[in-house]
Amino acid sequence: MKVISIIVSLLITILAFLCVEKVPQGNVAVMYSTKGVKEDTLNAGWHFVSPLTKTTDYPIRTQTKEYKKLNVATSDGKNLTMNISVNYHVDPTKVVSIFNKFGNADIEQLEDGYLRTRVQDGLRQSVAGYSVIETFGVKAGDIKKDTIETLQQRLGKEGFIIEDIAISSPEADRSTQAAIDERVKANQELERAKTDKKIAEANAEKRKIEAEGEARANKILNDSLTSQLIEKKKIDKWKGEQPIEIGGSGVIVGGK
């Protein structure tokens, strides 16, 4: 009897162990069996479930997934590669729908398959709206905005909530990079020419203003120099000295 009791206790312990399911923190679990998927889900913690019931965990706290060297093309046909990092979480109210759509694929499989494809499609669509120069420069912020809005709209319906993304600077092949460098150089030269023109125009305007000012001053001076004023200035400068004539040559020098 004692041996039988030990065996029974051991079987009960094994059965109890098989019936205990742990759901990690930050996750919920979908339960399913040969009878189908249960609508109720398990929150984080320890749970007793039927040994015939299996579970699949889905993260409901923020996850970060990076996708490297995704191939994209610009509106002017330049091929680029870009890295994108995605912060997301699973909507706990849609985990059953996700399971019904994708089966018992875990989150890593979804990240490497379905999510990767959707992220790459969203990035491609955004980059395709801009030229290669814009992609490398002033439109980088718009590309991020377009991409995150596209992903939020498409993936949110499926139960994947996109919180934020980070897109790296694009990488181009040698020929594309050479073309970009030429365009950048040409733009720099154009901007420099515009700056030089503005400087020249400013200097010309300065000289014009100075000349007009000098002309106005001369006019005022000329208008003020009447014949009476000129005679007065001569008288004011005269010290009472008489000119002296030397010999009969008619040469006159100053005298006292």
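Guide: Begin with Lys144, which counts as partly exposed at 34% relative accessibility. Buried means under 20% relative accessible area and exposed over 50%, with partly exposed in between (1.4 Å probe, protein chains only). The model is predicted: local features need pLDDT of at least 70, side-chain atom pairs pLDDT 80 or more, while totals for chains, interfaces and linings use all residues. Residues are numbered from 1 along each chain, and side-chain values use heavy atoms, without hydrogens and water.

Visitor: Which residue does Lys144 meet in a salt bridge?

Guide: Side chains of opposite charge can pair when their charged atoms come close. A salt bridge puts a side-chain nitrogen of Lys or Arg within 4 Å of a carboxyl oxygen of Asp or Glu. Here Lys144 pairs with Asp164, at 3.7 Å from N to O. Lys144 sits in helix H5 (residues 140–156) and Asp164 in strand S8 (residues 160–167), so the pair ties together parts 20 residues apart in sequence. Helices (H or I, at least four residues) and strands (E, at least two) are DSSP runs.

Visitor: How many salt bridges does the structure hold?

Guide: The structure holds seven. One of them joins Glu171 and Lys69, at 3.2 Å from N to O. Glu171 belongs to strand S9 (residues 171–172) and Lys69 to strand S6, so this pair ties together parts 102 residues apart in sequence. Lys69 counts as exposed, at 52%. Glu171 is partly exposed, at 40%.

Visitor: Where in the chain do Glu149 and Lys145 lie?

Guide: Both lie in helix H5, four residues apart, about one helical turn. Glu149 is partly exposed at 40% relative accessibility, and Lys145 is partly exposed at 45%.

Visitor: Which residues line the largest cavity?

Guide: Lys65, Tyr67, Val86, Tyr88, Leu115, Val119, Leu155 and Ile162 line it. Strand S6 (63–73), strand S7 (79–90) and helix H3 (107–127) each give two or more residues to this lining. By class, the lining has seven nonpolar residues, no polar ones and one charged.

Visitor: What does Ser85 touch?

Guide: Ser85 is placed in strand S7. Beyond residues up to four places away in sequence, Ser85 touches Thr64, Lys65, Glu66, Asp164, Ile165 and Ala166; a contact means heavy atoms within 4.5 Å. Ser85 and Ser168 are 83 residues apart in sequence, yet 8.4 Å apart in space, C-alpha to C-alpha.

Visitor: And the chain as a whole?

Guide: The chain has seven helices and 11 strands. Of its 256 residues, 26% count as buried. Among contacts with a separation of 6 or more, 63% join residues 24 or more positions apart.

Notes:
On a 1 Å grid over the protein atoms alone, a cavity is a set of points where a 1.4 Å probe fits but cannot get out, and a pocket is an open set with protein on both sides within 12 Å along at least five of seven lines; lining residues have an atom within 4 Å of a point. Ala, Val, Leu, Ile, Met, Phe, Trp, Tyr, Cys and Pro count as nonpolar, Asp, Glu, Lys and Arg as charged, and the others, Gly among them, as polar.
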